[in-house]
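Let's take a friendly walk through a protein model together. Have a look at the picture, and then we will go from the whole chain to single residues.

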Amino acid sequence: MANFLLLLHQTPGRFRNLSPEEIQKILGSYIAWRDALVKRNKMRAGEKLTNDGGRQLRTQDGKVSVTDGPFSESQEILGGFFMIEAADYGEAVEISRTCPYLGEGKWIEGRQVDAVH
């Protein structure tokens, strides 16, 4: 079995105009999805990322520069992640298909974790 990182991408502002009730309904669907994966021993981790854009570190000529971003004005943002266990990409895709995150303006990038240790 391998671990797969599910990166949750979206266009900015997707949840900006939702009511508290709508947000609670969405959170409930995530909790139910996560709980089902925990029962199957497939869930390894998952977190929502803050909306602040983070920091980018780059090296050039041996020096590290740190900049804010990406910014909410960008075309897409990374909103969070799940780490799951699956036999292969096929199973990881099948698990991802059931994630309540998928929908208009949102997509999941699946990446297998390389177990180098």
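## Starting with the surface

The model you see is a predicted one. For its protein chain, the accessible surface comes to about 8400 Å², and 53% of that belongs to carbon and sulfur atoms.

How many residues does the chain have, and what share of them is buried? The protein chain has 117 residues, and buried residues make up 23% of them. Along its principal axes, the C-alpha trace spans about 50 × 45 × 20 Å.

## The layout of the chain

The elements come in the order β-α-β-β-β-β-α-β, which gives 2 helices and 6 strands.

Now think about which residues meet. Among contacts with a separation of 6 or more, 76% are between residues 24 or more positions apart.

## Inside: the nonpolar core

Which residues touch the most other members of the largest nonpolar core? They are Trp33, Phe82 and Ile84, in a core of 16 residues. The elements that give two or more residues to this core are strand β1 (2-10), helix α1, strand β5 (77-86) and helix α2 (89-97). The largest share, 4 residues, comes from β1.

Take a moment to find Trp33 in the structure. Leaving aside residues up to four places away in sequence, Trp33 touches Leu6, Met43, Phe82, Ile95, Thr98, Cys99 and Pro100.

## Outside: a nonpolar patch

Nonpolar residues are found on the surface too. Ile23, Leu27 and Ile31 form a nonpolar patch there, with about 230 Å² of accessible area together.

Leu27 sits in helix α1, which covers residues 20-39. Is Leu27 buried or partly exposed? Its relative accessibility is 40%, so Leu27 counts as partly exposed.

## Salt bridges across the sequence

Side chains of opposite charge can pair when their charged atoms come close.

One joins Lys42 and Glu91, whose closest N and O atoms are 2.8 Å apart. Why does this pair tie together parts that are 49 residues apart in sequence? Because Lys42 lies in the loop between α1 and β2 (43-48), while Glu91 lies in helix α2. Lys42 has a relative accessible area of 8%, so this lysine is buried.

Another salt bridge brings together the side chains of Glu85 and Arg44, at 3.0 Å from N to O. Glu85 belongs to strand β5 and Arg44 to strand β2, so the pair ties together parts that are 41 residues apart in sequence. Glu85 is buried because its relative accessible area is 18%. Arg44, with a relative accessible area of 33%, is partly exposed.

## Asp68 and its partner

Which side chain makes a polar contact with the side chain of Asp68? The partner is Arg55, at 3.1 Å. The two residues also form a salt bridge, with their closest N and O atoms 3.1 Å apart. This pair links distant parts of the chain, with Arg55 in strand β3 (residues 55-60) and Asp68 in strand β4, 13 residues apart.

Arg55 counts as exposed because its relative accessibility is 51%, and the cut-off for exposed is over 50%. Asp68 has a relative accessible area of 47%, so Asp68 is partly exposed. Strand β4, where Asp68 is found, runs over residues 63-68. Apart from residues up to four places away in sequence, Asp68 touches Gly54 and Arg55.

Asp68 and Trp33 are 35 residues apart in sequence and 33 Å apart in space, C-alpha to C-alpha.

Finally, find Lys106 in strand β6, which covers residues 106-112. Is Lys106 buried or exposed? With 16% relative accessibility, Lys106 counts as buried, because buried means under 20%.

What does the side chain of Lys106 reach? The side chain of Lys106 reaches the backbone oxygen of Tyr101, at 3.3 Å.

Terms used. Residues numbered from 1 in each chain as written. Predicted model: local features only at pLDDT ≥ 70, side-chain atom pairs only at ≥ 80, totals over all residues. Heavy atoms only, no water. Patch = residues over 30% accessible without salt bridge, like charges linked within 9 Å, V, L, I, M, F, W, Y side chains within 5 Å. Areas by Shrake-Rupley, 256 points an atom, 1.4 Å probe, with all protein chains shown as cover. Salt bridge = Lys/Arg side-chain N within 4 Å of Asp/Glu carboxyl O. Buried < 20%, exposed > 50% of the residue type's maximum accessible area, 1.4 Å probe, protein only. Core = buried A, V, L, I, M, F, W, Y, C linked by side-chain atoms within 4.5 Å. Contact = heavy atoms within 4.5 Å. Polar contact = N/O pair within 3.5 Å; in protein donor to acceptor, adjacent residues only side chain to side chain.
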